[in-house]
Amino acid sequence: MSEQIPTSDSSAPHDENPLLATSGLPRYDAIRPQHVVPAVRHVLAEAREKLAAIEQNVQPTWSGCVEPLAQLGRPFQWAWGPVGHLNSVMNSPELREAYETVLPEIVAFGLRVKQSRPIYDALKTIREGGEWQRLDEAQRRIVATKLLNAELSGVGLDGEARERFNEIERDLSQLSTDVSNHVLDATKAWSLVIRDPRDAEGLPHSLRQFAAQSYNQAKAADDAPGTAEDGPWRITLDLPSYVPFMQHCRSRERREQAYRAYVTRASSGEFDNGPLIVRTLKLRREQARLLGYRTYAEASLAEKMAPGVEAVSEMFERLRAASWSHAGQDLRELQDCAARRGAEFGGGHHEEDSGEAASARPPSGEPELLHWDIPFWSERLREERYGFTDEELRPYFPLERVLTGMFGLAERLFGVTVERADGEAPVWHPDVRFFRIFDEAGHVASFYLDPYSRPENKRGGAWMNTCFDRVREDGQVQRPVAHLVCNATPPVGERPALMTFREVETLFHEFGHGLQHMLTRVEYRDAAGINGIEWDAVELPSQFMENWCYHRPTLLGLTAHYETNAPLPAELFEKLKAARNHLSGTSLLRQLRLGMTDMALH
């Protein structure tokens, strides 16, 4: 199902380079790694000349400062935006090399713009003078944001301090790229081939089929093909494979093997991110101190809604205290479930504890659950308590039906219609879909959907990023275009893509981000959609959309059994709704630990 981007040693002339387009959608089907360096350098050269002209003629007005800056960034929508996108969804050694060749030049130019004293002084004059009163709310937001970004980008630094700041910024951008590449490479490098049917006991039929297909795609030429019934089965660290394996595999030894591989990805050998993380933390701290902040956390929160590190720490503690007893109860219920089913894990030795930590320890003689046991027994407890499994739900959520229901919800909520437009836009992979959005006035936005896991060249997780922003230029409105990227379970054989309920929630989440980007009415690029919004507020629309997955009319509209076309039975919906907060104390405690660790490191 993968399609690598072909490469060539030759550089295409400018008139044949798809990254030098200035209109239309990106030509994803034509972009090749050899296009990247010449196109980006050409655009950068022109942008440097334009920046010099802006600085020479800058005026402390909207039209004399902010509008020219907006025009400066326009060519990068075609020359650089698609490159970063493809590096995430169609990664290859050739594309990596091209991307990393020009990345330092992109970073340097961005700093050059933000550190421009003539532009910064003009923006300050706008904010402090009579021009400010003539600006609308969005324009004021843009000016204020640009000033803050400039200050956080070292506009106030001179001489050696500025040189060091810029050196750190270039190093951090490369370190971030290296870390992501290592995670992708380490994920690809590990797999577990199961040949003994006893080790596959408990695996649902859908995972057996998926794992057999994965084995067939990766097997050596002299191996016999696997089947869904008798294996071999290939388990990977990609979530559509890893998560159901950890939930259903009855072999504790195999679960431990997969768990340890997953949590130690990119932590040793050629993909070891450890030294990169340490260096990143040191550079971030040094950079923050150059700006006058005590810590990087303080510098980061300067452009977020949270008022400061102390307020974040207080929030963490309030939520931790509220969730601790519930998480302890969750653990005891999991231990009881395991004990009822005759689990024998061994007691294990613990140092003497007191207080909250001791309350989470299992009583003597009860099973000791370790990390690779929690997903498995969580599913068993949910089966006991609510009488269903994810696998029972999956047949009712074929992707096409989920999309139809989700688009119907968007029409009810926002008065827009979503129409399939496959074939009307070049795409980077055959699985990618293209859609257009219409309101009563006509076409307002478009988006790509890349729905399936592709572990060989696509990074994990799910995200929305912008292709084009909404902006009015020369009297014409550029319609916004979004990329919605998920890593859901792909089709297996002749069976369509059947989603877990969590994958459905994730799709709704990313669609929420996409709607915020696409339905904006703001016509200034720097305040349209998610632009200019504090990063700790940008999740609100996505969470809003997720909640509709528990609204009965909406959920039933998402479902149709892929074989019978029957909707989700009412009793299954009630069970799903009842299980919404299953082990929620544990889930919240996990999220808090992630956030608290991040804050402590910074």
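How many aromatic pairs does the structure hold? The structure, a predicted model in which local features need pLDDT of at least 70, side-chain atom pairs count only at pLDDT 80 or more, and totals for chains, interfaces and linings use all residues, holds 19 aromatic pairs. Residues are numbered from 1 along each chain as its sequence is written, and side-chain values use heavy atoms, with hydrogens and water left out.

Rings of Phe, Tyr and Trp (for Trp, the six-membered ring) are paired if their centres lie within 6.5 Å; planes under 30 degrees apart count as stacked, over 60 as edge-to-face and the rest as tilted. One of the pairs is formed by Tyr-28 and Trp-428, which are edge-to-face, with 4.9 Å from centre to centre and 75 degrees between the planes. Tyr-28 lies in the segment before helix 1 (33-57) and Trp-428 in the loop between strand 3 (417-420) and strand 4 (433-439), so this pair ties together parts that are 400 residues apart in sequence. Helices (H or I, at least four residues) and strands (E, at least two) are DSSP runs, numbered from the N terminus. Tyr-28 is buried, with a relative accessible area of 3%, and Trp-428 is buried at 4%; buried means under 20% relative accessible area, exposed over 50% and partly exposed in between (1.4 Å probe, protein chains only). The rings of Phe-76 and Phe-109 have their centres 5.9 Å apart and their planes at 25 degrees, and the pair is therefore stacked. Phe-76 belongs to helix 3 (residues 76-79) and Phe-109 to helix 5 (residues 93-114), 33 residues apart. Tyr-28, Trp-428, Phe-434 and Tyr-448 form one aromatic cluster.

A nonpolar core is a set of buried Ala, Val, Leu, Ile, Met, Phe, Trp, Tyr and Cys residues joined through side-chain atoms within 4.5 Å. The largest such core has 63 residues, and Trp-80, Val-143 and Tyr-448 have the most contacts inside it. A second, separate core of 47 residues includes Met-406, Ala-445, Leu-515 and Val-538.

Arg-255, found in helix 12 (residues 252-263), is buried, with a relative accessible area of 2%. The side chain of Arg-255 reaches the backbone oxygen of Cys-249 at 2.8 Å. Apart from neighbours within four places in sequence, Arg-255 is in contact (heavy atoms within 4.5 Å) with several residues, among them Phe-245, Trp-372, Asp-373 and Trp-377.

Cys-249 is itself buried, with a relative accessible area of 0%. A disulfide is a pair of cysteine sulfur atoms within 2.5 Å, and by this rule the count comes to zero. For Cys-249, the nearest cysteine sulfur is that of Cys-337, 16 Å away. For Cys-467, the nearest is that of Cys-486, at 17 Å; Cys-467 is buried, with a relative accessible area of 9%.

In helix 21 (residues 540-547), the buried residues are Ser-542, Met-545 and Glu-546. Seen down the helix axis, these residues fall within an arc of 105 degrees, so they line one face of helix 21; the arc is that of the directions from the helix axis to the C-beta atoms. What covers these buried residues includes helix 19 (399-414) and helix 20 (501-518).

Conventions: A polar contact is a pair of N or O atoms within 3.5 Å; within protein, one must be able to donate a hydrogen and the other to accept it, and residues adjacent in sequence count only if both atoms are side-chain atoms.
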